[in-house]
Amino acid sequence: MEVKKTKKYSYFVGIDISKNKLDIAVCHERNFLFHTEIMNDDQAIRSFVSKLKEMPGFKLSKAVFAMENTGFYGNHLLSVLFKLKASIVQDHPLKIKRSMGVTRGKDDKNDAIRIAEYTWKNRDEIKLWMPKRKIMTELAGLMTLRNRLIGVAVILKTPQKEEKSFIPGKYHSGKVMACKASIAAITGDLEAIELEIRSLISADDHLARLLEIITSVPFIGFVTAVTMIICTNEFKDICDPKKFACYSGIAPFPRESGTITRRRRISPFANRKMKALLHVCAVGAATRNEELNNYYKRKLEEGKHKLSIFNAVRYKLVLRVFSCVKQDRLFIREIRCAKTLVIVPVENCVI
């Protein structure tokens with residue numbers, strides 16, 4: 001979670017994170033002071049911060065520590081700095097890289113310096129990092145593990161299906177039997193992980209309510225709902241459906257230059273997993289729902305590409321989810337007449 005910064009800083013500390021070490025560049029305003037390299041562990045980070053505090057004129061409250069989002073490799077650093085009540089900025093690596101202009105060569109020291117310079121240049125727009133709830137971190141970890149296991153299962157199963165008609169049956173049967181125990185174990189692990197995810201959510205009233213609201217929208221399933229909760233950080237980091245559409249790769253952008261105008265395309269910088277899940281939901285909605293099926297056929301007759309139509313359906317689903325979450329209610333279609341209000345139950349409604 002991020003919050004807008006409300007104070008001015010004098011010291012900008014850029015940190016390049018790797019598995020075993022941290023390269024740190026310390027700047028006063030725009031002036032580079034020094035670079036150092038420390039181990040990526042709690043004790044080394046605390047020792048470095050203590051040395052910073054000994055510098056003449058240095059105050060922790062006037063310093064901002066900036067880094068790229070490198071996943072769990074930054075956990076030690078984030079944990080120590082947050083406990084010390086330091087100001088932390090964590091930004092997307094590509095955003096930092098593209099702000100550097102034309103660069104030649106690459107090494108960890110220069111990367112740390114560039115991160116510090118990037119933070120100084122954007123000091124009026126930076127957002128401070130705040131940790132997610134512990135349960136959200138656990139939930140994200142379980143979903144990541146689930147996706148990895150599914151990937152392993154696909155790696156084992158797909159070649160067996162492809163080889164079936166091209167190799168002798170006896171040889172193929174032997175290969176299937178060799179993987180049978182592994183596939184069964186993966187299936188069991190997936191069931192156990194899903195059970196743990198459901199238990200984790202049901203134990204938290206807020207997450208349970210969010211899951212209930214999201215899955216009340218027709219054609220939005222359990223996995224898609226949990227992934228949306230994780231990606232939006234309980235709809236705290238992303239609370240606007242348009243921003244979520246951009247994040248999940250379903251918002252088309254123009255491609256124009258001078259007199260050349262090309263067909264609008266979605267950005268490749270998107271959460272592909274979220275996009276794929278929403279696509280499955282959209283296909284189900286467009287084929288099994290009478291109203292949306294008619295919409296799909298009508299747009300095809302108008303010459304629209306089928307993927308473009310599915311993209312529109314995906315956005316409809318996103319709008320409904322965000323609307324229900326914002327109003328803290330289940331999905332119900334309301335039909336307002338002149339004198340009466342007819343409420344159609346969820347199972348009978350259209351999207």
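By contact I mean that heavy atoms of two residues come within 4.5 Å of each other, and among the contacts in this chain between residues at least 6 apart in sequence, 60% join residues at least 24 apart. What you see above is a predicted model, in which local features need pLDDT of at least 70 and side-chain atom pairs count only at pLDDT 80 or more, while totals for chains, interfaces and linings use all residues. Residues are numbered from 1 along each chain as its sequence is written, and side-chain values use heavy atoms, with hydrogens and water left out.

The C-alpha trace spans about 70 × 70 × 55 Å along its principal axes. Of the 351 residues, 38% are buried, where buried means under 20% relative accessible area, exposed means over 50%, and partly exposed lies in between, with a 1.4 Å probe and protein chains only.

Let me turn to helix 10, residues 272-288, whose 17 residues reach 24 Å from first C-alpha to last, close to the 24 Å expected at 1.5 Å a residue; that expected span is 1.5 Å times one less than the number of residues. At the start of this helix, a side-chain oxygen of Asn271 comes within 3.2 Å of the backbone nitrogen of Lys273. The buried residues of helix 10, among them Met274, Leu277, Leu278 and Cys281, pack against helix 8 (222-232), helix 9 (241-247), helix 11 (290-301) and helix 12 (306-327). From the side of helix 8, where Thr227 lies, we can look at one such meeting point: Thr227 touches Met143, Met274 and Leu277, not counting residues up to four places away in sequence, and Thr227 counts as buried because its relative accessibility is 9%.

Helix 12 has 22 residues and reaches 32 Å between its first and last C-alpha, close to the 32 Å expected. Its buried residues include Ile309, Phe310, Asn311, Val313 and Arg314. Just after helix 12, Asp328 takes a positive phi of about 50 degrees. In the loop between helix 11 and helix 12 we find Lys304, which counts as partly exposed because its relative accessibility is 45%, and which touches Lys299 and Ile309 when residues up to four places away are not counted.

Which element gives the largest share of the lining of the second largest pocket? Helix 12 does, with 7 residues. The volume of this second largest pocket is about 710 Å³, and of the 24 residues that line the pocket, the closest to its centre are Pro252, Ile266, Leu307, Ser308 and Asn311. A pocket here is an open set of points on a 1 Å grid over the protein atoms alone, where a 1.4 Å probe fits, with protein on both sides within 12 Å along at least five of seven lines, and lining residues have an atom within 4 Å of a point.

Finally, Thr119 in helix 4 (residues 108-121) counts as buried because its relative accessibility is 3%. A polar atom of the Thr119 side chain lies 2.8 Å from the backbone oxygen of Ile115. Leaving aside neighbours within four places in sequence, Thr119 is in contact with Phe12, Val64, Ala66 and Ile126.

Conventions: Helices (H or I, at least four residues) and strands (E, at least two) are DSSP runs, numbered from the N terminus. A polar contact is a pair of N or O atoms within 3.5 Å; within protein, one must be able to donate a hydrogen and the other to accept it, and residues adjacent in sequence count only if both atoms are side-chain atoms. Grid points are joined across faces, edges and corners, and a volume is the space filled by probe spheres set on the points.
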